[in-house]
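Good morning. I will take a few minutes to go through one structure, so please have a look at it first.

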Amino acid sequence: MIKVEQLTFAYPNGMPVLENLSFEIKSGEFVALIGQNGAGKTTLLKQFNGLLKPTGGTVRIDGIDTRNSTTGILAQKVGFLFQNPDHQIFLPTVAQEIGFGPANLGCSREEIDRRVREAAAQVGLEPYLNENPLFLSKGQRQRVAFASLLSMRPQVMVLDEPTTGQDYREGIEIMEMVKALHRQGHTVIFVTHDMELVARYAERVIVLSQGRILMDDTCRRVFYQPDVLRRTNLFPPQIPTLVQKFDCYQEDFGTPLSVEELYATITGCGGEEYVHCS
Amino acid sequence: MSIVANYLNRDSVIHRLHPLTKLFWSLWVMGLSFLFSDLWSLAALFFSVVAIAAMARMLREMVPVFKGLFFFALFFWAFQVLLIAEGRPLLTLIPGNPGLRITDRGVFIATAMGFRLMVIASSFPVLLATTQMKDLVVVLVEKLKIPYSYAFMFITSLRFIPTFMNEMEQIIQAQCSRAHRLDSRNFVTRFFFNLPLGHSVVDYVGEKGGTDGHIHGNPRFRHWETDVFASL
Ligand SMILES: Nc1ncnc2c1ncn2[C@@H]1O[C@H](COP(=O)(O)OP(=O)(O)O)[C@@H](O)[C@H]1O
Ligand SMILES: [Mg+2]
């Protein structure tokens, strides 16, 4: 779905931010992009919908070289959720806000209405369609921004720190929404500083450090190599950290990521049966 | 564009000049631009600003600023040139309609106005890029005896220009991500597609107009654009 080859990027004013990145993200993957502030995560995400174009190498979305396309066209393939929903929201009602993208794509009025209702249903905003988005809560505004991308029906969803500045429950709600989309077949790429969320949702983790890829592996393998992570000031979630405190973790505990998994290994009860054990 | 009003750390003659000298220079240049009204003086004045930017070794960073100003000036040029009726006609837009024609005098005056606009708008960025804010405040307060709170207000408002520009950039990118055609190369389409964003900035302040609940199908003329036209 996304193919990055020897991607190098520098902002017009200075030093290279991304250096020689190559990787591929297949359709249907759930990828977390992590790294210190300033590592270049946002810069990398913006390559995926053509907001930034490579200065060297190529980025292909579904076979299209982003250099030969525009963000307007790529928006139908890649939905980009900005960290601050207020940068996206500007229309007087939620329905208009969600309908803005499809209108830009030239959809008919019936099609726009259909897409608005569908997207609103996906994020649970139906009761608010005629409300002014500015009067909704931060979490709800995030949903409006999210729905306004869904209405363009992109296959890939890119989320830049979707849970930063939200409380725990709002954060989980957003991630559950994203997970539901993933189950419907969407490709998801998200940036977060919350390692617990990574452990809970991501299948694959790309660790970015100073514009280079430090690790690109499954969530499990990344969090069980704390020495590499520490080089970029990241720390695994609590459960892997705890397990690694015991020297014998390799044989006895395996590589659990969550409380549930650890509990299951200790009690010798399979993951799915955890509910019955407790 | 983000370099506007940002200090650029360089080692140059211009950077080492006293802040007061540079402040007077920029005010002087602006004043001159109002005194002059002929094309050649204004053009020379503009190129003197470019020369100063070059001496400050920041021409490369200023190019986007000059470029942006150029398009802005071009836009006004197009309006101006039609409004000036005196002089020898060069071109009549609608045959038989004497109102819409371009005259030699019109071209001269409009070009001169374009240069004036560019001079006014480019001297301050040069001042701010070569002078640190704190030096400017000190000079305003100590040498010019401007009350501290006013100097502070002035500097603070300048300080926020990059922040606003950054916000604007974020908003533009967010709307592009929703297939809003701001990344079109055509300047005129860009202007018209920017209108709803202006509306968004106004919305930010909290004023809301009447709302109707349904979606507008035609992507080109939705109500906010007509609102803007109505208020012109
Ligand atoms: N618009 C810009 N112009 C110039 N440099 C930028 C711009 N945006 C980000 N940078 C620089 O690029 C680097 C990576 O930034 P970013 O991608 O935002 O990092 P992250 O999202 O991982 O925190 C930083 O050093 C930052 O200062
Ligand atoms: Mg970022």
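**A ligand site and a surface patch**

The largest share of the shell around ligand 1 comes from helix H1 of chain A, residues 41-48, which supplies three residues. Before going further, note that this is a predicted model.

Which residues surround ligand 1? The list reads A:Tyr11, A:Asn13, A:Val17, A:Gln36, A:Asn37, A:Gly38, A:Ala39, A:Gly40, A:Lys41, A:Thr42 and A:Thr43. Sorted by type, that shell has seven polar residues, three nonpolar ones and one charged one.

At A:Lys41, a backbone N or O atom is 2.8 Å from an oxygen atom of ligand 1. With A:Thr42 the side chain takes part: one of its N or O atoms lies 2.7 Å from an oxygen atom of the ligand. The side chain of A:Thr43 also has an N or O atom by an oxygen atom of ligand 1, at 2.4 Å. As for cover, ligand 1 on its own has 560 Å² of accessible area, and the protein covers 58% of that.

Next, chain B. Here a nonpolar patch lies on the surface, formed by B:Leu90, B:Leu91, B:Leu93, B:Ile94 and B:Leu100. Together these residues have about 420 Å² of accessible area.

Where does B:Leu100 lie? It is in the loop of chain B between strand E1, residues 89-92, and strand E2, residues 101-103. And why does B:Leu100 count as partly exposed? Because its relative accessibility is 31%, and partly exposed runs between under 20% for buried and over 50% for exposed.

That is what I have for today.

Notes:
Residues are numbered from 1 along each chain as its sequence is written. Chains are lettered from A and ligands numbered from 1 in the order in which they are written. This is a predicted model: local features need pLDDT of at least 70, side-chain atom pairs count only at pLDDT 80 or more; totals for chains, interfaces and linings use all residues. Side-chain values use heavy atoms; hydrogens and water are left out. A residue is near a molecule or strand if one of its heavy atoms lies within 4 Å of it. A polar contact is a pair of N or O atoms within 3.5 Å; within protein, one must be able to donate a hydrogen and the other to accept it, and residues adjacent in sequence count only if both atoms are side-chain atoms. Accessible areas come from the Shrake-Rupley method with a 1.4 Å probe; for residues, only the protein chains shown count as cover. Helices (H or I, at least four residues) and strands (E, at least two) are DSSP runs, numbered from the N terminus. Ala, Val, Leu, Ile, Met, Phe, Trp, Tyr, Cys and Pro count as nonpolar, Asp, Glu, Lys and Arg as charged, and the others, Gly among them, as polar. Patches are made of residues with over 30% relative accessible area and no salt bridge: like charges are joined within 9 Å, nonpolar side chains (Val, Leu, Ile, Met, Phe, Trp, Tyr) within 5 Å. A salt bridge is a side-chain nitrogen of Lys or Arg within 4 Å of a carboxyl oxygen of Asp or Glu. Buried means under 20% relative accessible area, exposed over 50%, partly exposed in between (1.4 Å probe, protein chains only).
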